[in-house]
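Please read them with the structure open.

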Amino acid sequence: MLGQLVRFGISGGISTLIYAAVYLPLVTWVFPNLAVAAVPFAFAVAVTCGFFLHSSWSFKGHGSRDKSGRQHVKFLVVQCFGLLLNALFTWVIADLLHYPDWVPLIPIVTITPLATFALNRQWVFG
């Protein structure tokens, strides 16, 4: 499990960089007064990258791969949960409390990955 956690961390780090690379320009130039509006766009790009990294590397050799599409649906459910967490963090921290738009990235980088790792390991790729 330690190896999976390390691989998940690296893959998640890459996905997080992608998320930030999409989120920060959007929140700066496209949605300057409503940071939460940038979350779905940033999340969609990052989750697409994350699926391929996690399924082919982070959880490679763990559990089974379901060819019926159920595993993809489970992965999507977990990612929707992550999207909701990220949106909640962004809305509360940046939009309600008026902290700088980069501040929500702190719980997005720390809390969301731990929650999605646990769900992915046990439910999606378990």
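**Notes on the predicted model**

1. Start with a loop residue. Pro32 counts as partly exposed, because its relative accessibility is 46%. The model is a predicted one, and that applies to every point below. Pro32 sits in the loop between helix 1 and helix 2. Its C-alpha lies 33 Å from the C-alpha of Val73, and the two residues are 41 apart in sequence.

2. Next, another loop. His98 belongs to the loop between helix 3 and helix 4. Its phi is near 60 degrees, which is a positive value in a residue other than glycine. Is His98 buried or exposed? His98 counts as exposed, because its relative accessibility is 64%. The cut-off for exposed is over 50%.

3. Now the helix packing. Two packed helices are described by the angle between their axes and the distance between the axes. Take helix 1 (residues 2-30) and helix 4 (residues 105-124). Their axes come within 10 Å and cross at roughly 135 degrees. Helix 1 is therefore oblique to helix 4. Roughly antiparallel would need an angle over 145 degrees. The crossing of these two helices is right-handed.

4. Which residues make the contact of helix 1 with helix 4? Helix 1 supplies Gln4, Leu5, Phe8, Thr16, Tyr19, Ala20, Tyr23 and Leu24. Helix 4 supplies Leu105, Ile108, Val109, Pro113, Thr116, Phe117, Asn120 and Arg121. By type, the contact residues comprise 11 nonpolar, 4 polar and 1 charged.

5. Helix 4 also packs with helix 3 (residues 70-96). The axes of helix 3 and helix 4 come within 10 Å and cross at roughly 160 degrees. Helix 3 is therefore roughly antiparallel to helix 4. The cut-off for that label is over 145 degrees. The crossing of helix 3 and helix 4 is right-handed. The residues of this contact divide into 14 nonpolar, 8 polar and 1 charged.

6. On to the aromatic rings. How many aromatic pairs does a search of the whole structure find? The search finds 3 aromatic pairs. One of them joins Tyr19 and Tyr23, with ring centres 5.8 Å apart and planes at 15 degrees, so this pair is stacked. Planes under 30 degrees apart count as stacked. Tyr19 and Tyr23 are 4 residues apart in helix 1, which means about one helical turn separates them.

7. Are these two tyrosines buried or exposed? Tyr19 counts as buried because its relative accessibility is 3%. Tyr23 is buried too, because its relative accessible area is 0%. The cut-off for buried is under 20%.

8. Tyr19 has a further ring partner, Phe43. The ring centres of Tyr19 and Phe43 are 6.5 Å apart and their planes lie at 85 degrees, so the pair is edge-to-face. Edge-to-face applies to planes over 60 degrees apart. Tyr19 is in helix 1 and Phe43 in helix 2 (residues 39-58), so the pair ties together parts that are 24 residues apart in sequence. Both Tyr19 and Phe43 are buried. Ring pairs link Tyr19, Tyr23 and Phe43 into a cluster.

9. Ala20 counts as buried because its relative accessible area is 17%, and the cut-off is under 20%. Leaving out residues up to four places away in sequence, Ala20 touches Pro25 and Leu105.

10. Last, Ala87. Where is Ala87 placed? Ala87 is in helix 3. Leaving out residues up to four places away in sequence, Ala87 touches Val36 and Val39. From Ala87 to Gln4 the C-alpha to C-alpha distance is 27 Å, and the two are 83 residues apart in sequence.

Terms used: Residues numbered from 1 in each chain as written. Predicted model: local features only at pLDDT ≥ 70, side-chain atom pairs only at ≥ 80, totals over all residues. Heavy atoms only, no water. Axes fitted to C-alpha atoms, helices over the stretch in contact; angles between N-to-C directions. Parallel < 35°, antiparallel > 145°, perpendicular 65-115°, else oblique. Left-handed = near helix turned anticlockwise from the far one by under 90°. Contact = heavy atoms within 4.5 Å. Nonpolar A, V, L, I, M, F, W, Y, C, P; charged D, E, K, R; others polar. Phe/Tyr/Trp six-rings, centres within 6.5 Å; stacked < 30°, edge-to-face > 60°. Buried < 20%, exposed > 50% of the residue type's maximum accessible area, 1.4 Å probe, protein only.
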